[in-house]
Amino acid sequence: MDSEPLGWLRRLTSRLAPAVGGEGAVAVAFRPRLTPVFTADFTSPAQWVAGRSWAYPDGGPTNPGDNKLDHLVADPAYSRSGVFRATLRADGNWDTGLLTTEGSDEGFMVRTGDVLEARVRLPVETGAWPAIWTWRDGGQEIDVFEYHPDNPDLLELSNHVREAHRYHRDPSVRPGGWIELKVEFGRNSVVWWVDGVRVFSDGRGVGRGWHAYLIVNLSVCAGRYHPAPDPGVEEMSYEVSRLQVSRPTRGGLPGRIPRPSGPRTVDRAP
């Protein structure tokens, strides 16, 4: 029992005082408590609609105006396992896999402040165009990532709500390789991490009331911006083995955050 009233509080204050400054000091911050609100089950028709999206004209199945050879299909073999496939059609287009939360029974939408995490295996074939992105009412697009194997070490990270983007290059990004993605949809800045390293904070954000549906898909390039598939290639794929969205709850967790011993943020231009 403390003989001095509130003695425990005085001792705690004295311990934390060095956090204000000084070499090797630690910062004290309240970190938001994140609660998972969406864990992707690609087999679930309640979570996901397959083979159509209002991001495509009339909901699909084609979108040539965006330089895509896609012909969306609802066949579960093209998306429901988490392996998103595309196969060549006789007419020169490609049957492709797409899943969206728009129009599903649950109708899940990502919101300002949410954090999305995903584990992805990148495709190998030239012409493959995988992406995880958001969409609502003709816009509200944030690209968690886009990738083209003709630029083998480059990820495209884009905020089309308030127009900011970054080409992130790294040797860990390669055809057939696995990457860990994390994106915070912040009010004032959208922040991307790749393999645990923060690589881009756009300083633009999505605003206070932003919300949008999720889309996961594999498109096929028609050749205007990136090469079309090589002759003789008739199939391509990429995999999303995990996708989860967490949301801040009220209050927070007090945490002592060590000052970094070296740079951890890697904002790389092309």
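1. Let me start with the term for charged pairs: a salt bridge here is a side-chain nitrogen of Lys or Arg within 4 Å of a carboxyl oxygen of Asp or Glu. By this rule the count comes to ten salt bridges. R89, D91 and D95 are joined by such bridges into a network.

2. A word on the basis of these notes. This is a predicted model, where local features need pLDDT of at least 70 and side-chain atom pairs count only at pLDDT 80 or more, while totals for chains, interfaces and linings use all residues. Residues are numbered from 1 along each chain as its sequence is written, and side-chain values use heavy atoms, with hydrogens and water left out.

3. Which side chain does R247 meet in a salt bridge? The partner is D114, at 2.8 Å from N to O. R247 lies in strand 16 and D114 in the loop between strand 6 (109-111) and strand 7 (115-121), so this bridge ties together parts that are 133 residues apart in sequence. (Strands, E in DSSP, are runs of at least two residues, numbered from the N terminus.) D114 is buried at 0% relative accessible area, whereas R247 is partly exposed at 23%. For these words, buried means under 20% relative accessible area, exposed over 50%, and partly exposed in between, with a 1.4 Å probe and protein chains only.

4. S246 also belongs to strand 16, which covers residues 235-258. S246 is buried, with a relative accessible area of 6%. Leaving aside neighbours within four places in sequence, S246 has contacts (heavy atoms within 4.5 Å) with L34, T35, P36, V37, D114 and V115.

5. Strand 16 supplies E239 as well, which pairs with R121 of strand 7, so parts 118 residues apart in sequence are tied together. Another bridge joins R136 and D137 at 3.0 Å, N to O. Of these two, R136 counts as buried at 16%, while D137 is exposed at 68%.

6. Now the rings. Rings of Phe, Tyr and Trp (its six-membered ring) pair if their centres lie within 6.5 Å; planes under 30 degrees apart count as stacked, over 60 as edge-to-face and the rest as tilted. The whole structure holds nine aromatic pairs. F42 and W48 have ring centres 5.3 Å apart and planes at 50°, so they form a tilted pair. Both F42 and W48 are buried.

7. F185 and W210 are stacked, with 5.3 Å centre to centre and 20° between the planes. F185 is in strand 12 (residues 178-185) and W210 in the loop between strand 14 (197-201) and strand 15 (211-220), so the pair ties together parts 25 residues apart in sequence. F185 is buried at 0% relative accessible area, and W210 is buried at 4%.

8. Where do charges sit over rings? The rule asks for NZ of Lys or CZ of Arg within 6 Å of the ring centre and within 35 degrees of the ring normal. The charged end of K68 sits over the ring of W129, 5.0 Å from its centre. For R119 over the ring of W178, the distance to the centre is 4.0 Å.

Technical notes. Helices (H or I, at least four residues) and strands (E, at least two) are DSSP runs, numbered from the N terminus.
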